[in-house]
Amino acid sequence: NLVYEYMKKTILFALLLLLPFCVNAQLFVNNTTFTPADLVQNILLGNGVTISNITFNGSAANANIARDQVGFFSTNLIPTNLGLTQGIMLANGNATAAIGPNNEGGLTLPTANPVAGDADLQALSNNSINNKAILEFDFIPNGSVLEFEYVFASEEYPEWVNTQYNDVFGFFLSGPGIAGPFTNGAVNIAVIPSTTTPISINNVNGGYSLGCPTVLPGGANTAYYVNNCGGATIQYDGFTTVLTATANVQCGELYHIKLAIAHAGPNGDNGLDSAVFMNDFRIVKFDLGPDLVDTLGSALCEGQTQLLDTGLATSVVHQWYQDGVFIQGEIGPTYQVTEAGVYSVLVYQETYHQEVYKKY
């Protein structure tokens, strides 16, 4: 069995001594050393997920050969305006096109292995699909909430905003409890926060402009847009802020994720590259809330109670403890605290067990 253990929260204070560095922030991209399978298993994968059946553009063999559209990226832990410091990237051209500075108005660096056509991306864009990069795998979560961070970037900004040229990407999730309009009942979780609107050139931008000026007129959902015209470290003319793809999943069940990007446009558009940067594909840890204790001024008053809730399904076996002693009969996802103590929960389901402690 896989074992995951999470202790109660502890807040630490540290004094950081900031010294001048003789290093400039710079994006590094490697798309020749690692295979897509390597990158998923060793870079993208975070806590609480077991993965299998990795494919690239529909083939397990493709996932085990280095592909120029899939790369490891890093800023050497020195922040750039990209917002992410390292992870994996998918591009509809050669991934090294991302390397700055932004010194070309519209860069196209074609992949050596172009593949066209995808029903899900076409459904999002209503355009023909070319030079696709699609990374897929199955996974089993050990909790109830999936999330990972991403940034979408493109050379189509800002000259092709609100036109029919609208490079497309999506994160298509399918499995138990998921019912969407895409292949295998998948839903797209690459959406504008608090909406179901997909992220795209036309939906998130700084407005249309000829050339690439440092000041743009303003456009759709500009709060999620970064104007990179004249940028020192990234080539793409614009990109989103760091966004989080998230979805509710059922603990211990088998799911499938399809991470996809492509050129999209009429007449076989293959120009002006785009990419999506991603990191930390993970399950959110159980959170029973902050400790309720005198030292924090948050202790419960006499007669008050507190409901603890893991958020998991009632079919998942729980064991609740008070001061290390099993509470007989308490095997569901919630427990009502009525007296002081240190409470913990063990959660079991075939391939995992997870442990959380809280003081009350």
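Buried here means under 20% relative accessible area, exposed means over 50%, and partly exposed is in between, using a 1.4 Å probe on protein chains only. This is a predicted model, so heads up: local features need pLDDT of at least 70, side-chain atom pairs count only at pLDDT 80 or more, and totals for chains, interfaces and linings use all residues. Residues are numbered from 1 along each chain as its sequence is written, and side-chain values use heavy atoms, with hydrogens and water left out.

**Cysteines**

- Cys229 counts as buried at 8% relative accessibility, while Cys212 comes out partly exposed at 27%.
- These two form a disulfide with their sulfur atoms 1.9 Å apart; the cut-off for a disulfide is a pair of cysteine sulfur atoms within 2.5 Å.
- Cys212 sits in the loop between strands S9 (187-188) and S10 (225-227), and Cys229 in the loop between S10 and S11 (238-240), so the pair ties together parts that are 17 residues apart in sequence.
- The torsion about the S-S bond of Cys212 and Cys229 is about -90°, so the disulfide is left-handed.
- A search of the whole structure turns up one disulfide.
- As for other cysteines, Cys251 is buried at 7% relative accessibility, whereas Cys301 is exposed at 53%.

**Helix and strands**

- Helices (H or I, at least four residues) and strands (E, at least two) are DSSP runs, numbered from the N terminus.
- Helix H1 (residues 36-44) has Pro36, Ala37, Leu39, Val40 and Leu44 as its buried residues.
- Looking down the axis of H1, those buried residues fall within an arc of 165° (taken from the directions from the helix axis to the C-beta atoms), so they line one face of the helix.
- Strand S18 (residues 334-337) has Tyr335 and Val337 on its covered face, with Thr334 and Gln336 on the uncovered one.
- S18 runs antiparallel to strand S15 (residues 306-309), joined by four bridges; strands pair if DSSP finds at least two bridges between them.
- Tyr335 of S18 is the bridge partner of Leu308.

**Nonpolar cores**

- A nonpolar core is a set of buried Ala, Val, Leu, Ile, Met, Phe, Trp, Tyr and Cys residues joined through side-chain atoms within 4.5 Å.
- The largest one has 47 residues, and Phe137, Phe139, Tyr150, Phe171, Leu173, Leu259 and Met278 have the most contacts inside it.
- A second, separate core of 19 residues includes Leu27, Met89, Val226 and Ala275.

**Ser74**

- Ser74 is in strand S4 (residues 70-74) and is buried, with a relative accessible area of 6%.
- Leaving out residues up to four places away in sequence, Ser74 touches Gln26, Leu27, Phe28, Thr85 and Gln86, where contact means heavy atoms within 4.5 Å.
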